[in-house]
Amino acid sequence: MKRNRFLYTVLAIVLGILIGSIILLLSGTNPVEAYKVIFLGAFGKPKYISWTIVRAVPLILTGLSVAFAFNTGLFNIGAEGQYIVGSIGALVVGLLLDLPPVIRGLVALLAGALCGYIWGALVGILKAKFQVNEVISSIMMNWIAFYLSNYLLSFPILRSIESDNSYEIKQSASIKIAGVWKMSKEGRAYLLDHKFLKDILNPPLNFGIIIAIIAAIVVWYILKKTTLGYELRAVGFNEKAAEYGGININKSIVKSMGIAGILAGLAGAITVLGVSGDIGIMAAQEGYGFDGMAVALIAGNNPLGTIPAALLYAGLIYGGGKLTTIGTYSEVVNIIIGIMILFIAMPKLLDIIKFFFTKWSKKDNKNIEKGGANE
């Protein structure tokens, strides 16, 4: 089953690339050259690799958030709102709370995770207590988070009226690897003397990638190896049977959405503490939660699969931005990703391909038999 799922995902990606090639040809672009630009644009230099990783980190975590909820029978479309409140929590701690350097960053991460938990758990409570569909309530929570973020930036303690962005977090709250390295005089000197290391760390490469990988392993372990994971998956498979087995359905729903919220909240916290250093007034939602849904689909809702899926997604988006260098629209990449997701969302794709392959094979066999009879 797992092998079939892996082959199915690879097939969907290949089909997306092939159909993308046709679109590129129709637009007058050599597909081989275009894919070369995308690949080298994402992985061709140490700096590009760093940026791809930086962009992949929030996608791993929001993808994990969606995948975890889906494995427990819930659809967490609210990862976007959980991401936003996670970034708010991290900003407030990183900016206003006076703590020692390492402790400050850890507390800011925990604050982001806690805010995400509250936002996710609220959706779970609405479903458990009042039978409100989690899709509807989480969409509403996305917008509440969006307007709450913009409203909080009207307070002078967080933002100057001359700027659209909040004040930057204190340096002691940063989780950028280069920032930690530069704290010592020896570290600064070492960084200046080693160009390769400087190229790797100059983009805002941060400890978020380590956190994301650990989170993926922990989520996989919870779902596959623990009693909690068994209970949550049992509720997702069959609520009535789980309840008959003595599992508290309402508590399981709240727990599941809360854990999903922690993961998305961490994504927002890492972006603030490790990349942007602040938050700004938003004209629209940033889309990390929705991109996380795409990553979860590509990963087949496998927690460990979100890591390569997010790297693929981030690589395509970041590398695809360089297609303008050969006179092609970078939006082609979005079409390719959309086609991949479309095929992944078609559960009968392998059966359809097998059907046509069998038909084609039978036709070939008949033609061979006819040719032999004529001779």
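Which residues touch the most other members of the largest nonpolar core? Some notes follow.

1. This is a predicted model: local features need pLDDT of at least 70, side-chain atom pairs count only at pLDDT 80 or more, and totals for chains, interfaces and linings use all residues. Residues are numbered from 1 along each chain as its sequence is written, and side-chain values use heavy atoms, without hydrogens and water.

2. The largest nonpolar core has 84 residues, and L61, L64, F68 and L273 touch the most other members. Helix α13 (residues 249-276) gives the most to this core: twelve residues. A nonpolar core is a set of buried Ala, Val, Leu, Ile, Met, Phe, Trp, Tyr and Cys residues joined through side-chain atoms within 4.5 Å. Buried means under 20% relative accessible area, with a 1.4 Å probe and protein chains only. Helices are DSSP runs of H or I, at least four residues, numbered from the N terminus.

3. A second, separate core has seven residues, including A67, I77, A264 and A296.

4. Look at L273 again. Beyond four places in sequence, its contacts (heavy atoms within 4.5 Å) include A90, G105, L109, I169 and K176.

5. T306 lies in helix α15 (residues 306-320). T306 counts as buried because its relative accessibility is 0%. Leaving out residues up to four places away in sequence, T306 touches I60, G63, L64, A216, V295 and A299.

6. The whole structure holds one salt bridge, meaning a side-chain nitrogen of Lys or Arg within 4 Å of a carboxyl oxygen of Asp or Glu. The side chains of K127 and E134 form a salt bridge at 3.1 Å, N to O. E134 is buried, at 7% relative accessible area.

Terms used:
Helices (H or I, at least four residues) and strands (E, at least two) are DSSP runs, numbered from the N terminus. Buried means under 20% relative accessible area, exposed over 50%, partly exposed in between (1.4 Å probe, protein chains only).
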